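Colleague: I am new to this structure. Could you show me how to read it?

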Amino acid sequence: MTRAFNFSAGPAVLPEEVLQQAREEMLDWQGSGMSVMEMSHRGKQFSSIAQQAEADLRELMAIPGNYKVLFVQGGASSQFAMVPMNLLRGKKTADYVNTGSWSKKAIAEAKRFCEVNLAASSEADKFTNVPPQDSWNLNQDAAYLHYTPNETIQGVEFPLIPESGDAPLVADMSSTILSRPIDVSKFGVIYAGAQKNIGPAGLTVVIVREDLIGEPVAGTPAMFNYGTHADSGSMYNTPPTYAWYVAGLVFKWLKRTGGLEAMAQRNKEKAGALYAAIDQSSFYSNPVARDCRSWMNVPFTLADSNLDADFLKQAGATGLLTLKGHRSVGGMRASIYNAMPEEGVTALIEFMADFERRHG
Ligand SMILES: *Cc1c(COP(=O)(O)O)cnc(C)c1O
């Protein structure tokens with residue numbers, strides 16, 4: 001068996017130890033005689049798995065007691081609708097910051113429910129930076145302020161947590177959650193699709209302040225109401241049980257390896273090494289403003305895009321997979337989430353230098 005280094009943006013690399021434990025427990029979870037996939041979500045065994053996962057996530061992120069943690073389906077994309085449906089609470093407008101492809105999708109969905117006030121946008125700069133906060137135009141009547149702390153496609157990460165005044169702050173943390181410690185108490189809602197830094201696809205984690213639950217817009221379906229999931233411990237219907245279990249293994253792995261402080265240190269080093277390699281070379285480049293460069297997703301272009309196909313082919317042959325950039329920006333993208341080992345980044349940097357020597 002050979003495990004490649006997989007730079008996919010999502011679904012993405014998982015820690016090898018986690019996959020091994022899942023394999024060991026696949027047919028018989030801890031003497032239960034069955035796979036986690038085969039268990040009732042309401043049984044004692046799965047309840048213990050679910051509760052442990054939530055407790056570990058709460059500990060890792062230091063989530064205050066007045067927040068609910070929901071384990072739901074529908075992806076981050078469903079949250080684009082659930083956020084306005086649950087947070088408008090009689091208001092007619094919400095503030096959005098447009099810093100890339102995922103912001104745009106969130107904005108388009110919110111427009112079905114309310115007036116979107118574009119507080120700031122970096123679209124004119126082709127999404128290569130975060131507009132400075134003193135240039136933002138917040139609306140006094142906004143129900144909340146939504147932003148995307150890490151734009152997975154453009155590789156742009158906020159260097160700060162925005163000030164939203166009295167309005168709750170809402171963050172799509174799909175591609176940055178658990179990459180470093182954050183102060184959860186600054187947020188009204190944090191949501192993330194699992195398939196980047198949490199676990200397998202099919203699970204979405206929502207962290208929501210309790211006072212924001214319970215006043216959805218009229219006509220909100222039960223499944224789109226945060227209250228439904230908060231009141232039932234995410235067991236209103238069948239939750240994504242296996243993904244929830246694997247996420248729990250990832251949380252344990254994070255705790256064993258030093259928690260989010262240690263993870264932040266490793267992520268900073270991995271990203272720093274890759275950006276340094278790109279900046280030192282005149283063959284590779286990254287367009288993002290230095291203080292907004294993502295730790296998780298590193299897009300880069302080759303001086304001659306005619307070499308892209310060769311680069312990808314040769315990288316693949318050396319076990320460096322899924323480096324093709326998103327079709328909307330072209331070039332390459334190396335996603336180096338929590339589970340990407342340092343050796344993977346080192347191997348990529350060495351390959352890039354070697355490719356440049358031969359083709360630069
Ligand atoms: C991947 C991603 C999404 C989409 O997630 P789904 O779970 O596929 O709906 C949304 N926002 C960001 C920032 C992402 O990285």
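Modeller: Start with what counts as near. A residue is near a molecule if one of its heavy atoms lies within 4 Å of it. Keep in mind that this is a predicted model.

Colleague: Which of the 13 residues around the ligand come nearest?

Modeller: Ser-77, Thr-152, Asp-172, Gln-195 and Lys-196 do.

Colleague: How do I read a polar contact there?

Modeller: Look for a pair of N or O atoms within 3.5 Å. Take Thr-152: an N or O atom in its side chain is 2.4 Å from an oxygen atom of the ligand. For Gln-195, a polar side-chain atom lies 3.0 Å from an oxygen atom of the ligand.

Colleague: How much of the ligand does the protein bury?

Modeller: The ligand taken alone exposes 390 Å², and the protein buries 87% of that.

Colleague: What is the shell around the ligand made of, by class?

Modeller: Eight residues are polar, three are nonpolar and two are charged.

Colleague: Which helix gives the largest share of that shell?

Modeller: Helix α3, residues 75–87, with four residues.

Colleague: How does α3 sit against helix α4?

Modeller: Compare the axes. Those of α3 and α4 (residues 101–110) come within 9 Å and cross at roughly 45°. Angles under 35 degrees count as roughly parallel, and 65 to 115 as roughly perpendicular. The α3 and α4 pair is therefore oblique.

Colleague: Is the crossing of α3 and α4 left-handed or right-handed?

Modeller: Right-handed.

Technical notes: Residues numbered from 1 in each chain as written. Predicted model: local features only at pLDDT ≥ 70, side-chain atom pairs only at ≥ 80, totals over all residues. Heavy atoms only, no water. Polar contact = N/O pair within 3.5 Å; in protein donor to acceptor, adjacent residues only side chain to side chain. Areas by Shrake-Rupley, 256 points an atom, 1.4 Å probe, with all protein chains shown as cover. Helix = DSSP H or I, 4+ residues; strand = E, 2+ residues; numbered from the N terminus. Nonpolar A, V, L, I, M, F, W, Y, C, P; charged D, E, K, R; others polar. Axes fitted to C-alpha atoms, helices over the stretch in contact; angles between N-to-C directions. Parallel < 35°, antiparallel > 145°, perpendicular 65-115°, else oblique. Left-handed = near helix turned anticlockwise from the far one by under 90°.
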